[in-house]
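Subject: Structure for your review, with notes on its ligand site and cavity

Dear colleague,

I am handing over the structure we spoke about, and I would be grateful if you could look through it with the notes below at hand.

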Amino acid sequence: MKSIYLIGFMGSGKTTVAKLLSKKLGLTLQDTDEMVEAYYQMPIKKIFADYGEEVFRNYEQNMLTKTNQKNTIIATGGGIIELPANIEWLSDKKVIYLKTSWTEIVNRLTFDQNRPIWNDQSRDKESLLARRESKYVEASKYVVHTDQKDTYEIVEEIIKLIKRVE
Ligand code: S3P
């Protein structure tokens, strides 16, 4: 089957959902953040600190194009839709947007210390989510709401969705 790409804001559960979904469906798992760190041999936090966001976006784009096209569940970074070229590249892929409200994201990420953008006090993350929303919608074929749902419920919903459209 065609690979499935999960997109959505930081804290929307892409990584956790991708892990369980790949396990349940017996498919390979890929994560663009992990691919960046492995390929460029550097934690994302350090890439941002040493080279800045633009360089990270180039690395991320490079990894996106190297993802498996078949039998794989792919968790992407929350900013994958920042480059129009990525949206274009995703246009013929099976892309699911995990949509999460601002309130829920704040609850989930209160103690996070690893995400450079989340932890950058000079950035307004609520506005960033609002600005990205239309890009997530544009880049995706399906939207799954994640508020007040646990990982198992979200995974079940995705499996039903896949069965319905295949
Ligand atoms: C980012 C989200 C992160 C990671 C990087 C930038 C973003 O991924 O790619 O820190 O711009 O929203 P997660 O969505 O997995 O946190």
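Which helix gives the most to the lining of the largest cavity, and with how many residues? Please keep in mind while reading that this is a predicted model; the helix in question is helix 8, which contributes 3 residues to that lining.

The cavity

By the rule applied here, the count comes to 1 cavity of 30 Å³ or more, and the volume of the largest cavity is about 30 Å³. Its lining is made up of I4, K94, I96, Y142, L161, I162 and V165, and the elements that give two or more residues to this lining are strand 4 (94-99) and helix 8 (151-165). Sorted by class, the lining of the largest cavity has 6 nonpolar residues and 1 charged residue, with no polar ones.

The pocket

The largest pocket has a volume of about 670 Å³, and 30 residues line it, with M10, D33, I44, N114 and R115 lying nearest its centre. At least two residues of this lining come from each of helix 1 (14-25), helix 2 (32-40), helix 3, helix 4 and helix 6 (102-109). The lining of the largest pocket divides into 12 charged, 9 polar and 9 nonpolar residues.

The ligand

Where does the ligand sit? It is found in the largest pocket, and the elements that supply two or more residues to the shell around it are helix 3 (44-51) and helix 4 (53-64). Of these contributions, that of helix 4 is the greatest, at 3 residues. There are 15 residues around the ligand, and those that come nearest are K14, D33, R57, R115 and R132; by class, the shell holds 6 charged, 6 nonpolar and 3 polar residues. An oxygen atom of the ligand is 2.5 Å from an N or O atom in the side chain of R115, and for the side chain of R57 the corresponding distance from a ligand oxygen to an N or O atom is 2.6 Å.

With kind regards

Technical notes
Residues numbered from 1 in each chain as written. Predicted model: local features only at pLDDT ≥ 70, side-chain atom pairs only at ≥ 80, totals over all residues. Heavy atoms only, no water. Near = heavy atom within 4 Å. Polar contact = N/O pair within 3.5 Å; in protein donor to acceptor, adjacent residues only side chain to side chain. 1 Å grid on protein atoms, 1.4 Å probe; cavity = no way out; pocket = protein on both sides within 12 Å on 5 of 7 lines; lining within 4 Å. Sits in = over half its atoms within 2 Å of the grid points. Helix = DSSP H or I, 4+ residues; strand = E, 2+ residues; numbered from the N terminus. Nonpolar A, V, L, I, M, F, W, Y, C, P; charged D, E, K, R; others polar. Points joined across faces, edges and corners; volume = space filled by probe spheres on them.
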